[in-house]
Amino acid sequence: MTRILGISGSLRRLSFNTGLLRAAAELAPDGVSIDVMTLDGVPLYNGDVEAEHGPPASVVALKDAIAACDGLLLATPEYNNGIPGVFKNAIDWASRPPSDVPRVFGGRPVALVSASPGGFGAILSQTAWLPVLRALNMRPWFGSALAVSRAGALYSENGVLTDEPTRKRLADFVAGFSSFIGK
Ligand code: FNR
C-alpha cells in the first residue's frame, strides 16, 4: 500500500482545498490511500516555547504523520499571492529541530495542488512553496499541475468537489503522483 498524507492549509470548514484532498482520497487508485489532515491546534511558532518545552504535541503528531507517509500532498490556498501563514507556520514548526529534517522531510516525494474562487487557482501559492520544498530537501513531483480556479462553481454547498472534469483531472494527478512515489 502506498500511503499519501494530504495536508490542507485551510482551517475553513468548507475549504475548497480540504475538499480537494477529500476528493483525492476517494479517487485514489487501488493500492493507494490518502489520509487527510488539517492544521487545527498548531500554535504560532515561538522559539522560546521550543527552547523551553520542545515542540507542542500537535507538532510532534504532524511530524510523525509526515515521517510515516510515502508521499506528501499539500493542498494550498493562496493569500495575497503567497502561502497562508497557517500553513507556512505549521511546516516551519515541523522543520524543528533541524537535525530532524532528514527524518521528516528529506527525500520525501511531495506534490502541490491548490484551489481558489479566483481565476488563477492559487498557482502563485504553489510557486511560493518551491523554495520551501528545496530548503527541506524534498523530492517534488512536477509531472502535472492542478490549480483549480473558479472553485465556487465546482463544489456543492457542503464543500464536496462535484465537478466531473475537475474530478477526472484530480484522479489523473493522484495516479501520476502515486506512480512517481512508487519509483
Ligand atoms: C484570499 N484569497 C485569495 N485568492 C487568490 O486566488 N489569490 C489571493 O492572493 C488571495 N488572497 C487572499 C487573502 C486573504 C487574507 C484571504 C482570507 C483570502 C481568497 C481565497 O482563495 C479564498 O478565501 C479561498 O476560499 C481560500 O481557500 P479555502 O479556505 O477555500 O481552502
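Let me begin with the ligand: one of its oxygen atoms is 2.7 Å from an N or O atom in the side chain of Ser10. Please keep in mind throughout that this is a predicted model.

At Asn80 the backbone takes part: one of its polar atoms is 2.8 Å from a nitrogen atom of the ligand. As for cover, the ligand on its own has 620 Å² of accessible area, and the protein covers 69% of that.

Which residues surround the ligand? The shell consists of Ser10, Arg12, Ser15, Phe16, Asn17, Pro77, Glu78, Tyr79, Asn80, Asn81, Ser116 and Pro117. By class, these shell residues divide into six polar, four nonpolar and two charged.

I return now to Asn80, which sits in the loop between β3, residues 71–75, and α4. What is the phi of Asn80? The value is near 50 degrees, which is positive, in a residue other than glycine. For context, most residues other than glycine have a negative phi, and most peptide bonds are trans.

Arg96 and Pro97 are joined by a cis peptide bond, with omega at about -10 degrees. Pro97 is found in the loop that runs between α4, residues 85–94, and α5, residues 101–104.

Finally, I turn to helix packing. Helix α1 spans residues 16–27 and helix α7 spans residues 164–182; the two pack at an angle of about 65 degrees, and their axes are 9 Å apart. Because of that angle, α1 is roughly perpendicular to α7. As to handedness, the crossing of these two helices, α1 and α7, is right-handed. Two residues of the ligand shell, Phe16 and Asn17, fall within the range given for α1.

Note on methods. Residues are numbered from 1 along each chain as its sequence is written. This is a predicted model: local features need pLDDT of at least 70, side-chain atom pairs count only at pLDDT 80 or more; totals for chains, interfaces and linings use all residues. Side-chain values use heavy atoms; hydrogens and water are left out. A residue is near a molecule or strand if one of its heavy atoms lies within 4 Å of it. A polar contact is a pair of N or O atoms within 3.5 Å; within protein, one must be able to donate a hydrogen and the other to accept it, and residues adjacent in sequence count only if both atoms are side-chain atoms. Accessible areas come from the Shrake-Rupley method with a 1.4 Å probe; for residues, only the protein chains shown count as cover. Ala, Val, Leu, Ile, Met, Phe, Trp, Tyr, Cys and Pro count as nonpolar, Asp, Glu, Lys and Arg as charged, and the others, Gly among them, as polar. Axes are lines fitted to C-alpha atoms, for helices over the stretch in contact, and angles run from 0 to 180 degrees between N-to-C directions. Helices (H or I, at least four residues) and strands (E, at least two) are DSSP runs, numbered from the N terminus. Angles under 35 degrees count as roughly parallel, over 145 as roughly antiparallel, 65 to 115 as roughly perpendicular and the rest as oblique. A crossing is left-handed if the near helix is turned anticlockwise from the far one by less than a right angle, and right-handed if clockwise.
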